[in-house]
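Dear colleague,

Please find below the structure that I am handing over to you. My notes on its pockets and cavities follow it.

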Amino acid sequence: MDLSFILNELGENRSDYFNAIAPPIIQTSNFQVRKVDELRNLFADESSGYLYSRGINPTVDILREKLAALDRAEDALVFNSGAAAIFAAVLANIQADEHIVSVQKPYTWAQRMFDNILPRFNVDTTYVDGTLVENFAEAIRPNTRIIYLESPNSWSYALQDLRAVSELARDHGIITICDNSYCTPIYQRPIEMGIDLALQSATKYIGGHSDTVAGVLSGSSAMIKKIFDSEYLNIGSGIQPFNAWLLIRGLRTLSARLDRISATTPKIVAYLKEHHQVEKVLFPFDVTFPQYELAREQMSGACGLLSFYLYADTRQEIVRFCEGLHHIMMAVSWGGHESLILPGCASLEDEEFNPDNPAHRVLRLYVGLEEADYLIRDLERGFESM
Ligand SMILES: *Cc1c(COP(=O)(O)O)cnc(C)c1O
């Protein structure tokens, strides 16, 4: 299916709504049912039609169809946040006393679920360095049910060989879940590589305008139906129609935005690599990246997120760098129109800063839709402020 068709047409039956190009926001909580038997069918299977918007909603349906197609998945669910998508995917596939193998340092709220919530049900998580497939193999126990992946990681950009890990998991009857927020399905399709459930924070590139929080979960019809019938309806964290509409709007320009960012980011990487105050740059599509070959093999593009390590003896130098920027904003998240900076030392006091620890000197930069020269001039200001 053509990408342009998915973004502009798929799921949109425009003759149902006055041939409007933009879909309507069906802002309703419930739907009228005219026959008692119809009601009985809906009670038996809430995914079979329109009953209540915590389940199925027509605006959300348009979005689901597009997102599933982007992932080459049979079906998808859209949640009120990426964190909710992660929670539902894991909860749906784990029982008390079972075991999870996770890539080390996954997204913060995935890790907190593994560390703080699941141990209450005697579910243990083993973290492994995911750059070697053997590490997953060694961590598998008889009660391992889930292998949780995030490739690339949104700080270290560490990759996992998705084909090899999914093959290993399949041999052991283990379900694989992969956080694909960095690449989006435009640049990487985990389902095609054998992963069971692909998820992403739609807050990032799908929304693309820093105005909506949402998450996507894609997989087989059977898996998605199982999650819909239970966790999705029960947690009640499905996306609201207005936010779904914003994401449909975001999708219209998704590929154009990624093209733009893919053209700008290498220029910023080249500039930073040459800068005498920069020790190193981490970016999966840079030839010096340790897993460059694997990145080229399983990703068709890289996003605008990268990290660089400043030479700095004090925390204050990094503070002055960040606060000396005029245009690049200091904020969490990424994937919007605006470039952002996030210093690793934000969680430290000045006295705790150790210049020998690279994690204290790291800055995460997100390249938005601005001109490369404009961003480079701003970074120059930062360096001058140090
Ligand atoms: C932001 C993010 C999430 C969580 O998404 P929310 O929409 O903020 O809940 C999950 N994984 C990664 C890699 C992210 O960057």
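Predicted model: local features only at pLDDT ≥ 70, side-chain atom pairs only at ≥ 80, totals over all residues.

The largest pocket holds about 1,200 Å³ of space. It is lined by 45 residues, and those closest to its centre are Pro 106, Thr 108, Asn 153, Ser 154 and Trp 155. Two or more lining residues come from each of α4 (82-91), α5 (108-117), β6 (197-201), β8 (278-282) and β12 (362-366). Of the elements, α5 makes the largest contribution, with four residues. By class, the lining of this pocket comprises 20 nonpolar, 17 polar and eight charged residues. Because domain 1 (3-252) and domain 2 (255-385) both contribute residues to the lining, the largest pocket lies between them.

The second largest pocket has a volume of about 210 Å³. Its lining consists of Gly 11, Asn 13, Asp 16, Tyr 17, Pro 24, Ile 26, Tyr 50, Pro 58, Thr 59, Asp 61, Ile 62 and Glu 65. Six of these residues are nonpolar, three are polar and three are charged.

The residues lining the largest cavity are Leu 305, Ala 331, Ser 333, Trp 334, Leu 340, Ile 341, Leu 342, Arg 364, Leu 365 and Tyr 366. Both β11 (340-343) and β12 give two or more residues to this lining. In the lining of the largest cavity, eight residues are nonpolar, one is polar and one is charged.

With kind regards

Note on methods. Residues numbered from 1 in each chain as written. Heavy atoms only, no water. 1 Å grid on protein atoms, 1.4 Å probe; cavity = no way out; pocket = protein on both sides within 12 Å on 5 of 7 lines; lining within 4 Å. Points joined across faces, edges and corners; volume = space filled by probe spheres on them. Nonpolar A, V, L, I, M, F, W, Y, C, P; charged D, E, K, R; others polar. Domains from an automatic or database assignment.
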